[in-house]
Amino acid sequence: MEKALKDRKPIGYVFIPGAGLDAQIWNRVAGELPAPCLTVDYPGRGTNNGGTSKLSLKDYCAHVKEQIRSWDVEKFILVTHSLGGVLGLSIADEMADRVAGFAAIGAVIPASGGSFTSTFPSGQRLLLPLMMRLFGTKPPEQAIRRGLCSDLTEEQADEIIRRFTPESIRVYTDRVEAASRLKVPSLYIKLGQDQELKPGLQDKMAGNLGACVERLESGHLPMLSHPDALRQLLQKFGASVSAAG
């Protein structure tokens with residue numbers, strides 16, 4: 001038994017960001033977790049700065065899976081934020097042999113067969129795609145400050161706005177083929193002061209996932225505003241996943 005525990009390979013964490021964001025958003029959390037960590041990017045970031053406007057949700061998922069496949073950690077917990085929850089469901093389904101757990105941080109979790117936009121009330125569900133087609137997928141600066149960055153410092157908010165990358169409309173409107181309820185331990189971290197995805201809607205997302213819920217009193221970007229508290233919740237979840245074997 002002791003030898004088996006000693007030989008067990010560590011479970012890692014794969015971090016998937018929200019819309020418009022990049023891998024750098026996770027630095028303060030992933031950098032101090034006592035486990036292997038991989039922070040992935042969506043298309044159009046860094047040196048791969050080609051346009052994303054014509055890409056599908058499947059294209060986004062393929063881009064993320066390519067980064068994970070080149071990582072030498074066998075088992076991992078998917079850590080998803082906001083839009084990342086949509087991609088996370090597909091990746092958890094397609095890489096089920098490697099996914100040991102699923103953590104959703106203020107994440108959008110559509111019911112099975114739904115899309116990002118399908119999770120919102122009917123009025124918003126119809127309006128969002130139209131607004132994206134008319135005005136693009138990068139919100140106005142003031143909307144980013146009020147929503148995404150509600151509890152960040154001015155310097156942090158400036159950096160988010162500077163680095164924000166518009167996404168393809170299809171990543172919001174394409175349906176997720178994978179089931180919303182997973183066969184691995186799941187955690188939903190509800191953000192109590194979130195001005196982007198309100199707590200009531202997060203309750204619905206947690207219900208779709210069928211997850212245990214932990215509450216964190218932060219805005220939409222706790223990896224910047226409350227990195228220590230978020231890290232502790234993820235570490236606690238990782239320990240429970242590891243213990244479950």
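In the predicted model, Arg163 is found in helix α7. With a relative accessible area of 31%, Arg163 is partly exposed, since the value lies between the limits of 20% for buried and 50% for exposed residues. Leaving aside residues up to four places away in sequence, Arg163 touches Gly20, Asp22 and Gln24. For one of these contacts, Gly20, the separation from Arg163 is 143 residues in sequence, while the C-alpha atoms are 7.9 Å apart in space.

Helix α7 itself spans residues 154-163, and its buried residues are Gln156, Ala157, Ile160 and Ile161. Viewed down the axis of α7, these buried residues fall within an arc of 135°, so they line one face of the helix. The face turned away from the buried side carries the exposed residues Glu154, Glu155 and Arg162. The buried residues of α7 are covered by elements that include α2 (27-30), α6 (141-146) and α10 (222-225).

The strands were examined next. An open sheet is formed by 6 strands in the order β2-β1-β3-β4-β5-β6, and the pairing is parallel. Strands β2 (37-39) and β6 (212-216) stand at the edges with a single partner strand each, so one side of each is left without a neighbour in the sheet. On average, and with direction ignored, neighbouring strands of this sheet are turned by 20° against each other. Helix α9 (residues 199-209) packs on the sheet, where it touches β4, β5 (186-191) and β6. The direction of α9 makes about 175° with that of β5.

Within the sheet, strand β3 (residues 76-81) runs parallel to strand β1 (residues 12-16), and 5 bridges join the two. The bridge partner of Val79 in β4 is Ala103. Strand β3 is mostly covered, as 6 of its 6 residues are buried. Phe76, Leu78 and Thr80 point one way from β3, whereas Ile77, Val79 and His81 point the other way.

The loop between β3 and α4 contains Ser82. This residue has a positive phi of about 55° although it is not a glycine. Most residues other than glycine have a negative phi. Ser82 has a relative accessibility of 12% and therefore counts as buried, the limit being 20%.

In soluble globular proteins, nonpolar side chains tend to be buried together. The largest nonpolar core has 42 residues, and the residues with the most contacts inside it are Val14, Ile68, Leu78, Leu83, Leu87 and Ile109. Two or more residues are given to this core by each of β1, α3 (57-69), β3, α4 (84-94), β4, α8 and α9. Leu87 touches Tyr42, Leu57, Tyr60, Cys61, Val64 and Val171, when residues up to four places away in sequence are not counted.

Aromatic contacts were considered last. A pair of aromatic rings is described by the distance of the centres and the angle of the planes. A search of the whole structure finds 6 aromatic pairs. One of them is the stacked pair of Tyr13 and Phe15, with 6.2 Å from centre to centre and 25° between the planes. Both Tyr13 and Phe15 are buried. In the pair of Phe116 and Tyr172, the ring centres are 5.1 Å apart and the planes stand at 75°, so this pair is edge-to-face. Phe116 lies in the loop between β4 (99-105) and α5 (122-135), and Tyr172 lies in helix α8 (residues 170-173), so the pair ties together parts that are 56 residues apart in sequence. Phe116 and Tyr172 are both buried. Tyr13 and Phe15 also belong, with Trp26, to one aromatic cluster.

Note on methods: Residues are numbered from 1 along each chain as its sequence is written. This is a predicted model: local features need pLDDT of at least 70, side-chain atom pairs count only at pLDDT 80 or more; totals for chains, interfaces and linings use all residues. Side-chain values use heavy atoms; hydrogens and water are left out. Buried means under 20% relative accessible area, exposed over 50%, partly exposed in between (1.4 Å probe, protein chains only). Helices (H or I, at least four residues) and strands (E, at least two) are DSSP runs, numbered from the N terminus. The arc is that of the directions from the helix axis to the C-beta atoms. Contact means heavy atoms within 4.5 Å. Rings of Phe, Tyr and Trp (its six-membered ring) pair if their centres lie within 6.5 Å; planes under 30 degrees apart count as stacked, over 60 as edge-to-face and the rest as tilted. Two strands pair if DSSP finds at least two bridges between them. Axes are lines fitted to C-alpha atoms, for helices over the stretch in contact, and angles run from 0 to 180 degrees between N-to-C directions. A nonpolar core is a set of buried Ala, Val, Leu, Ile, Met, Phe, Trp, Tyr and Cys residues joined through side-chain atoms within 4.5 Å.
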